[in-house]
Amino acid sequence: MDRIDDKTTRREFVAGVAATSLVTAGCRAPTQRPPREEERASADAPSLKPIAQLMSARERHWVGDGFAVSTIFSPRLLDPQLLSPFILMDHAPEREFGPTATRRGVGEHPHRGFETVTFAYQGEIDHRDSHGGGGTIGPGDVQWMTAGSGVVHEEKHSRRFSQVGGAFEMVQLWVNLPARLKMTAPRYQALTGASFPSLSFGGASGRLIAGALQGQNGPASSHTPITMFDVTLPASTESSFELALGHTVLVFVLEGEGVAQGEQRVSTGDLLVLDRDAPGRVQLAANSATRLLVLSGEPLGEPVVARGPFVMNTAEEIQQAMQDYRRGLMGRLAPTT
Ligand code: MN
């Protein structure tokens with residue numbers, strides 16, 4: 001998405017700034033109470049990981065003219081160390097677009113120092129970058145772009161979707177790169193939904209996008225250890241899984257309503273941040289048909305300085321990125337044919 005620094009100063013953010021005042025806007029206090037000692041000790045039921053934070057969808061804003069998104073988390077909404085290696089997530093909930101001759105979306109803008117992962121749920125997204133990466137993704141597909149040392153790209157509704165119109169829903173996630181890989185060569189992975197191995201959680205099912213789970217491997221290649229999958233739960237079913245201790249675990253409710261970790265009510269647009277240092281399973285019981293996106297990754301444990309479309313480790317590196325972009329070192333897009 002477009003986080004460009006020049007005109008849209010309202011979108012600028014620096015990690016940590018104003019975090020305290022903003023957190024209250026989107027955070028709900030978890031209703032879950034801490035387990036009593038006898039519950040911790042109980043061997044009957046598998047232990048459940050405590051919830052560290054619960055975030056709720058906030059007001060939507062437009063990114064370009066194609067994406068009406070709610071920012072679920074970002075460094076200014078929540079301590080970036082709590083989310084590492086994930087930096088930001090925008091959710092564009094289902095929205096109808098009418099047919100149009102011009103493609104909606106976000107025009108040419110740069111990125112450096114991280115990866116953008118785009119999940120298409122409804123509608124189609126076209127991507128084109130200065131490193132030669134590009135393609136169209138449709139429902140169920142994922143596009144994983146490593147900006148690394150720097151790309152310039154555009155993100156638009158596909159030509160076909162623009163002409164026909166219809167329902168559109170997507171998520172964009174920013175995944176951080178460790179300091180040693182911030183200047184790695186850009187890379188583009190087009191991941192089709194058909195390539196995701198199926199997961200089974202009793203009555204619920206899932207698709208493995210990255211990492212290893214249930215003896216399978218997701219097709220996405222990540223620079224640091226990451227497990228990423230989605231879960232589809234019919235009404236009155238439950239899913240339960242366990243991820244690596246010490247890794248960040250985020251569960252986003254794309255749609256639906258249910259109870260997480262035994263007693264926390266969650267619904268569409270909610271994000272659960274689990275306590276990464278406590279052992280235990282993640283569990284969700286769906287009251288209605290529910291879809292989840294689950295993200296897990298090894299924390300980088302490095303400073304995060306995020307500004308506009310760049311995410312680096314120091315303010316000096318941000319200045320360098322801006323300078324390099326202005327000098328054209330991140331490339332330019334070829335004119336549209
Ligand atoms: Mn972008």
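Predicted model: local features only at pLDDT ≥ 70, side-chain atom pairs only at ≥ 80, totals over all residues.
Which residues touch the most other members of the largest nonpolar core?

**Figure 1. The largest nonpolar core.** This core holds 80 residues. The members that touch the most other members are F73, I87, L250, V251, F252, L272 and L292. In soluble globular proteins, nonpolar side chains tend to be buried together.

**Figure 2. The contacts of I87.** Leaving aside residues up to four places away in sequence, I87 touches P75, P80, F114, W174, V175, N176, V304, A306 and V311. I87 is also one of the core residues with the most contacts to other members.

Figure 3. P85 belongs to the loop that runs between α3 (80-83) and β5 (86-97).

**Figure 4. An open sheet of 7 strands.** The strands follow the order β3-β4-β5-β12-β7-β10-β13, and their pairing is antiparallel. At the edges are β3 (60-63) and β13, each of which pairs on one side only. From one strand to the next, the twist averages 25 degrees. Strands of a sheet pair through backbone hydrogen bonds, either parallel or antiparallel.

Figure 5. V63 has F67 of β4 as its bridge partner.

Figure 6. Y188 is part of strand β13, which spans residues 187-191. Y188 and D129 are 59 residues apart along the chain, while their C-alpha atoms are separated by 9.1 Å.

**Figure 7. An open sheet of 4 strands.** In this sheet the order is β19-β24-β21-β22, with antiparallel pairing. The edge positions belong to β19 (238-241) and β22; each has a single partner strand, so one side of each is left without a neighbour in the sheet. The twist from one strand to the next averages 25 degrees.

**Figure 8. The pairing of β21 with β22.** These two strands run antiparallel and are joined by 4 bridges. Opposite E257 stands S267, a residue of β22.

**Figure 9. Q261, a loop residue with a positive phi.** Q261 sits in the loop between β21 (257-260) and β22 (264-267). Its phi is positive, about 50 degrees, although Q261 is not a glycine. Is Q261 buried or exposed? Q261 has 21 C-beta neighbours inside 10 Å, and 20 or more are needed, so Q261 counts as buried.

**Figure 10. Q214, a loop residue with a positive phi.** The loop that holds Q214 lies between β16 (212-213) and β17 (216-217). Q214 is not a glycine, yet it has a positive phi of about 50 degrees. Q214 has 13 C-beta neighbours inside 10 Å, which falls between the limits of 12 or fewer for exposed and 20 or more for buried, so Q214 counts as partly exposed.

Note on methods:
Residues numbered from 1 in each chain as written. Pairing = 2+ DSSP bridges. Axes fitted to C-alpha atoms, helices over the stretch in contact; angles between N-to-C directions. Core = buried A, V, L, I, M, F, W, Y, C linked by C-beta atoms within 7 Å. Contact = placed C-beta atoms within 7 Å.
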